[in-house]
Amino acid sequence: GGADLTPYYLIEEDIQMFHGMYRDLCNQHFKEESEKDFQYPAMKKACDDYFYLPARSEHRGTGGIFFDDMMATSKNNPSAMSFVQGVANTWMPSWLPIVNARNSLPYTEQQREWQLLRRGRYLEFNLLYDRGVKFGLANANPRVEGVMVSAPPLIAWEYNHVVEDGSDEQKLMEILKKPISWIE
């Protein structure tokens, strides 16, 4: 499970707010040295590692948190269920303010095309690399419709798309090639 952000343009205060909310959530639940695999720095790294497109040497987005195989109940992790509920309950407060602040901004046709290209990369990751999708398609009764409904409704593909030097698109690509820490 987890939560990650896949912006089309870098608006640092949005990304920092998003990461800050999940850092605070991790800090509330995992304080002990024995829980360091579930503390924010480890989950941020796990997110960066998981949401990676190796064929393109780029990450899907600006990260977040990701955890795999977390025991629901364990002596070493007594707050797992509460934490997972916290992740679900933090999603809308971490995402909706960004949408509300940015959804009425004007955009150009070039910016719309960039959005569609980035959505294509999102789908590319899901179809080629996402373990949950692979699992869902590999069983005796694959849920193709369930997989495809998670895809963005509109995407674009362009062979060997090159971003313009010094552009906002290039700024995003630099981060996607080499993730950074968004918060202290």
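Which residue forms a salt bridge with Glu58, and how far apart are the closest N and O atoms? Arg121 is the partner, with 2.6 Å between the closest N and O atoms. A salt bridge here is a side-chain nitrogen of Lys or Arg within 4 Å of a carboxyl oxygen of Asp or Glu. The pair links distant parts of the chain: Arg121 sits in helix α4 (residues 109-128) and Glu58 in strand β3 (residues 58-59), 63 residues apart. Helices (H or I, at least four residues) and strands (E, at least two) are DSSP runs, numbered from the N terminus. Arg121 is buried, at 15% relative accessible area. Glu58 is buried as well, at 2%. Buried means under 20% relative accessible area, exposed over 50%, and partly exposed in between (1.4 Å probe, protein chains only).

The structure is a predicted model, in which local features need pLDDT of at least 70, side-chain atom pairs count only at pLDDT 80 or more, and totals for chains, interfaces and linings use all residues. Residues are numbered from 1 along each chain as its sequence is written, and side-chain values use heavy atoms, with hydrogens and water left out.

A search of the whole structure finds 13 salt bridges. Arg121 and Glu58 belong to a network of salt bridges that also links Arg56, Arg118 and Glu124. Another salt bridge joins the side chains of Arg131 and Asp68, at 2.3 Å from N to O. Arg131 lies in helix α5 (residues 131-138) and Asp68 in the loop between β4 (63-66) and α3 (80-102), so this pair ties together parts that are 63 residues apart in sequence. Arg131 is partly exposed, with a relative accessible area of 43%. Asp68 is also partly exposed, at 39%. Asp49 is partly exposed, at 44% relative accessibility.

Aromatic contacts were examined next. A pair of aromatic rings is described by the distance of the centres and the angle of the planes. Rings of Phe, Tyr and Trp (its six-membered ring) pair if their centres lie within 6.5 Å; planes under 30 degrees apart count as stacked, over 60 as edge-to-face and the rest as tilted. The whole structure holds 12 aromatic pairs. One of them, Tyr50 with Phe125, is edge-to-face, with 5.6 Å centre to centre and 75° between the planes. This pair links distant parts of the chain, with Tyr50 in helix α2 and Phe125 in helix α4, 75 residues apart. Tyr50 is buried at 11% relative accessible area. Phe125 is buried at 1%. Phe51 and Phe66 also pair edge-to-face, at 5.7 Å centre to centre and 80° between the planes. Phe51 lies in the loop between α2 and β2 (52-53) and Phe66 in strand β4, so the pair ties together parts that are 15 residues apart in sequence. Both Phe51 and Phe66 are buried.

The nonpolar interior was then considered. A nonpolar core is a set of buried Ala, Val, Leu, Ile, Met, Phe, Trp, Tyr and Cys residues joined through side-chain atoms within 4.5 Å. The largest such core has 21 residues. Tyr22, Met43, Ile65, Met70, Phe83 and Val87 have the most contacts inside it. β1 (2-5), α1 (12-29), α2 and α3 each supply at least two residues of this core. α1 gives the most, with 5 residues. Leaving aside neighbours within four places in sequence, Tyr22 is in contact (heavy atoms within 4.5 Å) with Ala3, Tyr40, Ile65, Val87, Thr90, Trp91 and Ser94. A second, separate core of 8 residues includes Trp114, Leu116, Ala156 and Leu172.
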